[in-house]
Each structure stands twice: as structure tokens, then as C-alpha cells.
Amino acid sequence: MVKRFAVIGHPVAHSLSPKIHAAFGKQTGIALEYIALDAAPEHFDALLAEFAAEGGLGANVTLPHKTRAAASCSTLTERARRAGAVNTLIRSSTGWEGDNTDGVGLVRDLTERHGLDLRSRRTLLLGAGGAARGVAPALLDAGIGDLFIINRTPERADALADALAQPGRVHPRYFSDVNSLGMFDLIINATSAARDAALPTLPVALAGPRTAAVDLSYGEVAIPFLAWAHAAGAHDRIDGLGMLVEQAAESFQRWHGVRPDTDPCFEFLREHRAVLVTAD
């Protein structure tokens, strides 16, 4: 029997995950079916239950369901618990186990593919939703310096900082503070604001000649932030395509016990980057 997997999001039609996992399956000789399932927030639980009843063994979860998915799991891995968000579901005898591979995917892309040393980098995280929650613990584990979190809704920035439980190192701030924060060594855009043409105005003083600017999105959605980073003089400007491939490989390993080679998939997608639309 072919094993069934899916990515669940809203919207999700342009997701690259089915192509990525099909490529991983072909590379490793594993027969699998991986489809995209669109679920509005109010229909997430029902769709997940239907998918399980039809034999679904695992799923990736993308916007806007990552925090909801965590609440739907019977068990969580340590990194999912710390994040309070789930992007990978594994079917077990007791229900769904939730994991989060976003953070390890981001760190692996930045350190191994792009050769960045994250240690002691003064870091600014834009956003405090599911994407930000997924990467923040891994960034701290990778040895970054102080982490400043800013979000349109102050309560969410405070909640994420509280969840990370490192008050001497993690500092919630608000967009009204952005002009007084100084320069950062690493700036990560974890907001979905560019999808709605609502990227906040950022002062160029946030970045300098040694700054790495990273957008967790890719394709056309990443253009506004990376254009700002170019204008601000950031040394490295990186989109989320490599992170997408690396987090997918981590999910693949959780489901199949085999880690695929990510470079061929990344190189293929990079060749088509100009036409990609973020949906993961």
C-alpha cells in the first residue's frame, strides 16, 4: 500500500511540499502519496480527522494552522512544546504526535548551506506567530546573542518571550520601538505581512555591513523585505527556500527513517525561484 501524506494550509494550492516530498521519495526509493489539502481555520480539525480516517500517516502544517495543530496533538516533541507550534504531524496509536522542524531547518540552511556563524549574533525577530515560534528556540540553541522580538500585537511578543523563558536574553519590543533598537547582526522576517502588502516600515539603521537578513518566505512574497535589506546594506540576504527544503527533509526523516540529500532539490527550486509563490 502506498503511504499517504499531505500538507495542510490555507491557502495551499501553490505549496512546493508535494514536489519536494515526491523528489525525496524518488531519491530514496520510497513509494508515497503526498497531496495539498486546503482547510479554512474553522475546518482544520474536521479535515485532519478525515485524513486520519482515510489512512493518512503524516502531514505538514502551514499557515495559518501551526498553533492550532499543536492543540490537536495527543503528544508533542520537546521542540514542538517549546515552540507552541507544530509543522509536522506523525500518526501514532494514540493519535497525532506533533513535531516542529522549522527551527532545525532554518539553522541547518543558514549554517551549512550559507556558511553563517550564528554564535553571539544580536538578533531581531519580526513577528511572534507560528513561524516565529517555530524558529526562535532553535536560534537560541544555536548560540545567538540577545534576541529582540517585535510584533504588531504587543501581547503576542510578550507571550513568545515568556514561553522562551530566558528573560536575560530575550526581549519583547513593539514596532513603536523600532527606531531606537540599534543595529543587528541577524534580522529574521517571520511575519506574513508581505502577503498583504503590509510590510511595516523599517529603518535602515537596523542593518549594517555585517548583517544577515533572512525572510522565512520565498518567491515574490520575500521580495519587499529582501529589497529593504539590500537598500539597508545588509551583507547577506537570504530567503526561506533553503529552510523549506531542510525542514521538509527533517519531516521526511521523521516519517520514513531516512534523511534525503537536500542539495539536488534545492538547486532545482533555486533555478525556478523567480516564479515561486510562497504557500508553505
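Biologist: Which ring does the charged end of arginine 122 sit over?

Modeller: Quick note: this is a predicted model, where local features need pLDDT of at least 70, side-chain atom pairs count only at pLDDT 80 or more, and totals for chains, interfaces and linings use all residues. Residues are numbered from 1 along each chain as its sequence is written, and side-chain values use heavy atoms, with hydrogens and water left out. A charge sits over a ring if NZ of Lys or CZ of Arg is within 6 Å of the ring centre and within 35 degrees of the ring normal. Here the charged end is 4.3 Å from the centre, and the ring belongs to phenylalanine 184.

Biologist: How are the rings of tyrosine 34 and tryptophan 255 arranged?

Modeller: Rings of Phe, Tyr and Trp (its six-membered ring) pair if their centres lie within 6.5 Å; planes under 30 degrees apart count as stacked, over 60 as edge-to-face and the rest as tilted. These two have centres 6.3 Å apart and planes at 50°, so the pair is tilted.

Biologist: Which residues do ring pairs link into a cluster?

Modeller: A search of the whole structure turns up 6 aromatic pairs. Ring pairs tie together a cluster of Phe5, Tyr34 and Trp255.
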